[in-house]
Amino acid sequence: MNRPMRATVLFMIALCTVAGGARAQAVIDGILKGLEPLPPRPGEEAWTFVQEQRKPLWEGGHGWSPREAAAGEADLRRGVRVDARFPDPEGLLKTAYDDLALFLKAGNVPTNGTFVIETAKAETPVFEAYRIEVAADRCRILAADTEGIRRGIFAVEDAMRAACGPFLILGTVERKPFIKSRISCYFQPLNINRVPSSPDGLYYSDGYLNRMAHDGINGLWLWVRFEDIVKSDTIPEFGKNRDVLLARLRQQVEQCRRYGIKIYLFSIEPENWDSNKNDYLKRHPEMGSDAPEGYTRFLCPSTQAGARFLYDALNSVFSEVPHLGGQINLTLGEYASTCLRTVSPHSDRKPTCRACAKKSNAEVMRDILAPMAKGMHDANPDAELIAWYYIPFATSFADWFYEIPAVCNKDVSLQLNFESGVTKQVFGRGRTGYDYWLAAPGPSVPYDRFARVARQAGMPMSAKIQTCNSHEVATAPQIPVPGLLYRKFKAMRELGVSHAMLCWYFGNFPGIMNKAAGALSFEPFPESEETFLKELARPDWGKQADKVAQAWKRMADGYEHMPLITEFQWWGPMHDGVVWPLLLRPQDAPLVPTWMNPAPFPPCGDRIGECLAQAYTLSEAVESCRTLSAGWNWGVDLLRTLESAPGLLPERRLDIGVAKALGIQFRSGLNILQFYDLRERMVHETPAQQLETIKELRRIAEEELKNGGELVALCEADSRLGFHSEAGGYKYYPAKIRWRMKQIQGLLDKEFPALEREIASGTDVFAAYSGRKPDGPAVRSLFCADTGTRLSGNPANHRPPDGLEWQTCSGTNAAVPEIRWACCHDRDAFYVLTECVGEHLKKAGSVTLTVEPRRLWPTLNYSITWFRMKDNRGWYGWRRIPFVSLQADPVVPKPLRVNVRNEIAGVGETSWIARNPWGPRLLINTDNPANLGWLFFERGL
């Protein structure tokens with residue numbers, strides 16, 4: 001997560017659990033027939049990357065070639081002696097010293113030589129800062145704390161790696177972090193209730209922690225629920241198994257401390273205290289909000305008992321688990337929690353709680369956070385409370401939201417999604433991205449404004465970002481575009497950001513992107529993106545660093561063209577298009593979530609517009625992805641030239657493999673978009689043109705066969721490929737790729753020839769799909785040039801044109817009155833008119849027009865306003881839909897697919913065509929395309 005919750009995980013799981021029931025079965029029935037069963041998804045035994053991460057970091061050596069020392073370098077070839085003078089009574093630095101010994105051994109550097117690497121205590125400006133002084137016979141690593149020494153040791157190792165041998169540049173280097181907390185998480189969702197599977201009872205292996213520490217990570221978040229671990233007299237039911245869980249938590253904390261990594265608890269609390277699942281407020285009404293009858297009640301921070309519980313919750317845990325790093329609490333924007341949950345951050349409304357409504361909304365937020373912060377800091381003054389406001393669909397906030405930094409205590413860090421609401425111009429139109437983005441570095445305007453307000457108020461600010469990958473594509477361990485991280489961290493530095501939550505459930509594998517985030521968190525900040533990329537590449541790639549930096553730049557230049565729309569992240573083909581079947585004949589089959597391995601859903605279908613919504617046309621998406629793919633593969637071509645370089649380590653070959661795999665994924669995503677773009681164009685072509693288009697469709701299918709074969713080989717060499725952390729497994733894997741290759745071979749061998757024969761014989765194969773010979777209900781829209789005049793002004797004077805083709809919305813529910821509807825149009829818009837004979841408006845119900853603006857696109861729904869008929873016999877209504885709003889040609893409007901329904905809440909509905917809705921899917925409505933009829937437009941004069 002993230003797709004992906006695409007958008008915290010629990011919200012998504014809740015919705016998709018609904019979709020996984022009987023309603024989701026409607027998505028499956030009757031579509032994608034004829035496909036062979038999918039091969040079983042690999043289990044955890046296939047996750048061999050877990051064992052790879054357990055191995056010692058320097059096991060494969062450094063690949064150094066012998067050379068002489070250059071001018072200005074200290075020569076360590078004769079051996080090194082480590083003089084550990086820094087006071088370390090708890091032995092926290094033992095792992096770093098051991099790592100240094102293994103590093104030297106891997107480089108064939110004796111550890112009993114004359115060159116001294118000394119660690120010692122010295123004053124530094126901030127925690128984790130360090131200074132390295134290199135002379136001809138000695139390297140001194142100086143810091144005020146263990147973590148500064150650890151950073152210095154790793155920096156010395158990287159300096160030798162960058163030099164391609166046991167050499168250090170003479171002089172002094174000083175570095176200090178401006179991003180104080182750099183918090184990632186394990187590759188697999190972890191909850192403290194989950195029993196560790198390892199024999200030692202630990203979630204993390206030492207090899208994994210050592211890799212993350214070298215990348216600069218100093219925090220890992222771990223999910224907890226207050227119900228399981230807190231202790232409070234206000235609600236004694238909590239914490240029944242807390243002794244076992246806290247013992248487990250202490251064990252994880254102590255293990256991670258040995259690598260300079262703190263454990264941060266993540267929660268969404270207080271969690272749903274007045275729901276079908278939890279009835280705590282019924283048992284403890286003194287903690288609940290003073291809400292009017294009929295309104296949902298929440299834990300109220302304005303009550304003495306509520307505030308006491310918030311204090312106890314954190315105090316009880318942080319008192320019993322020393323050295324916890326802090327708590328990340330998703331305080332606003334997710335589960336129902338406190339009274340402020342009834343207020344949108346975009347609205348100036350007050351909470352429904354009468355006590356909280358007497359305060360400003362910002363003061364209510366203060367009263368939520370203040371007891372939590374005090375409870376934590378009374379137990380551990382160094383721990384950090386990070387209040388995460390998860391507001392993915394941010395374009396702007398109400399004024400009260402920007403008042404939070406001035407009102408809240410300054411011992412809390414405020415966190416927003418860094419890019420949510422980010423915008424840019426694409427093809428002359430503004431586009432907006434929500435949730436998490438690498439392709440659009442940010443910050444969004446709302447984040448920028450909030451961070452500036454926080455900085456002025458002296459409030460610490462945190463950024464929620466994605467580091468290694470994102471919902472854009474999460475089936476590779478990393479998207480090697482560190483230049484985009486450079487731009488992100490440069491903006492964070494300018495805004496005074498001091499903390500960063502680097503990932504959700506995905507985007508967290510050890511590797512170059514985590515390494516980039518760690519490096520970019522320290523001063524002095526690199527003077528340019530180009531300089532940074534070369535410095536970042538040098539330890540891993542040595543003499544090839546400049547070429548690698550150039551490849552990263554080219555790949556980033558392409559990756560920036562990822563379509564900036566959340567639907568493309570959550571439903572698009574970039575994650576696993578390599579296993580989407582290609583459908584030569586239209587099936588109106590839906591897309592499936594990218595962030596799940598959804599058992600009740602079939603493989604992805606052909607309703608490609610579901611991943612583009614109304615923001616991109618198919619042609620625009622094709623052009624954006626064409627540029628993405630071309631730029632990416634330009635960079636990959638540079639990396640391919642390095643495969644024959646002498647001494648190239650296996651890890652670097654895997655890095656090249658990841659870049660290649662992503663190139664295939666992007667090319668497949670582009671091919672899918674092109675395939676359906678061509679197929680849609682073919683629907684309206686002449687037979688001769690259709691036969692030419694089939695040649696291009698065949699070329700795409702043949703290229704996809706080739707792509708599949710290349711990707712299988714890469715997957716067999718790297719078990720990380722295709723793995724999606726939030727989905728909990730593989731979105732693509734060799735057997736599934738071969739399954740898709742077999743489906744495509746069937747297209748080439750049977751379906752293409754059959755379609756060509758039908759077209760050559762004169763058959764209109766797309767007659768029903770295009771509406772030329774509609775299969776099902778159809779209605780004609782009457783052209784009336786003065787419709788707008790007829791329906792303007794006082795509704796009592798409206799004059800609908802004569803000759804309308806009236807249709808009936810009927811059904812079996814007698815409690816819902818029948819209505820009739822018709823359509824007419826002028827040169828700019830079409831108008832839907834409705835009538836209902838009845839005495840009361842409430843009997844008429846709520847009428848909705850459903851329009852599919854383009855084939856394969858999500859439907860749009862328009863409400864129709866009722867007016868009293870002139871003779872009081874009943875009601876009539878109308879709605880104007882401009883052709884331009886549907887991107888339709890107003891001169892010769894193409895037929896549209898529509899439905900009209902009349903619904904009375906709690907009673908039932910009638911409709912023109914009986915509806916069988918699909919199950920709910922995030923950002924996509926439940927309309928089933930099979931429930932639409934045709935609307936044809938009479939040609940105007």
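The structure is a predicted model, in which local features need pLDDT of at least 70, side-chain atom pairs count only at pLDDT 80 or more, and totals for chains, interfaces and linings use all residues. Residues are numbered from 1 along each chain as its sequence is written, and side-chain values use heavy atoms, with hydrogens and water left out.

**Aromatic pairs**

- A search of the whole structure finds 59 aromatic pairs (rings of Phe, Tyr and Trp, the last by its six-membered ring, with centres within 6.5 Å).
- One of them joins F393 and W570, with 6.5 Å between centres and 75 degrees between planes, and is edge-to-face (planes over 60 degrees apart).
- F393 is in the loop between strand 12 (384-389) and helix 12 (404-407), while W570 is in helix 18 (residues 566-571), 177 residues apart; helices (H or I, at least four residues) and strands (E, at least two) are DSSP runs, numbered from the N terminus.
- F393 is partly exposed, at a relative accessible area of 39% (from 20% to 50%, with a 1.4 Å probe and protein chains only).
- W570 is buried, at 2% relative accessibility (buried means under 20%).
- W632 and F666 form another edge-to-face pair, at 5.1 Å centre to centre and 85 degrees between the planes.
- W632 belongs to helix 19 (residues 618-640) and F666 to helix 20 (residues 650-682), so this pair ties together parts 34 residues apart in sequence.
- W632 is buried at 0% relative accessibility, and F666 is also buried at 0%.
- Ring pairs also link W47, F49, Y186, F187, Y203, Y204, Y208, F509, F723 and Y730 into a cluster.

**Charges over rings**

- K262 lies over the face of F127, 5.6 Å from the ring centre (NZ of Lys or CZ of Arg within 6 Å of the ring centre and within 35 degrees of the ring normal).
- R449 has its charged end over the ring of Y402, 3.7 Å from the centre.

**Packed helices**

- Helix 21 (residues 687-717) packs with helix 22 (residues 734-760) at about 165 degrees, with axes 9 Å apart; axes are lines fitted to C-alpha atoms over the stretch in contact, and angles run from 0 to 180 degrees between N-to-C directions.
- Helix 21 and helix 22 are therefore roughly antiparallel (angles over 145 degrees).
- The crossing of helix 21 and helix 22 is left-handed (the near helix is turned anticlockwise from the far one by less than a right angle).
- The contact of helix 21 with helix 22 has 18 nonpolar, four polar and seven charged residues; Ala, Val, Leu, Ile, Met, Phe, Trp, Tyr, Cys and Pro count as nonpolar, Asp, Glu, Lys and Arg as charged, and the others, Gly among them, as polar.

Note on methods. Rings of Phe, Tyr and Trp (its six-membered ring) pair if their centres lie within 6.5 Å; planes under 30 degrees apart count as stacked, over 60 as edge-to-face and the rest as tilted. Angles under 35 degrees count as roughly parallel, over 145 as roughly antiparallel, 65 to 115 as roughly perpendicular and the rest as oblique.
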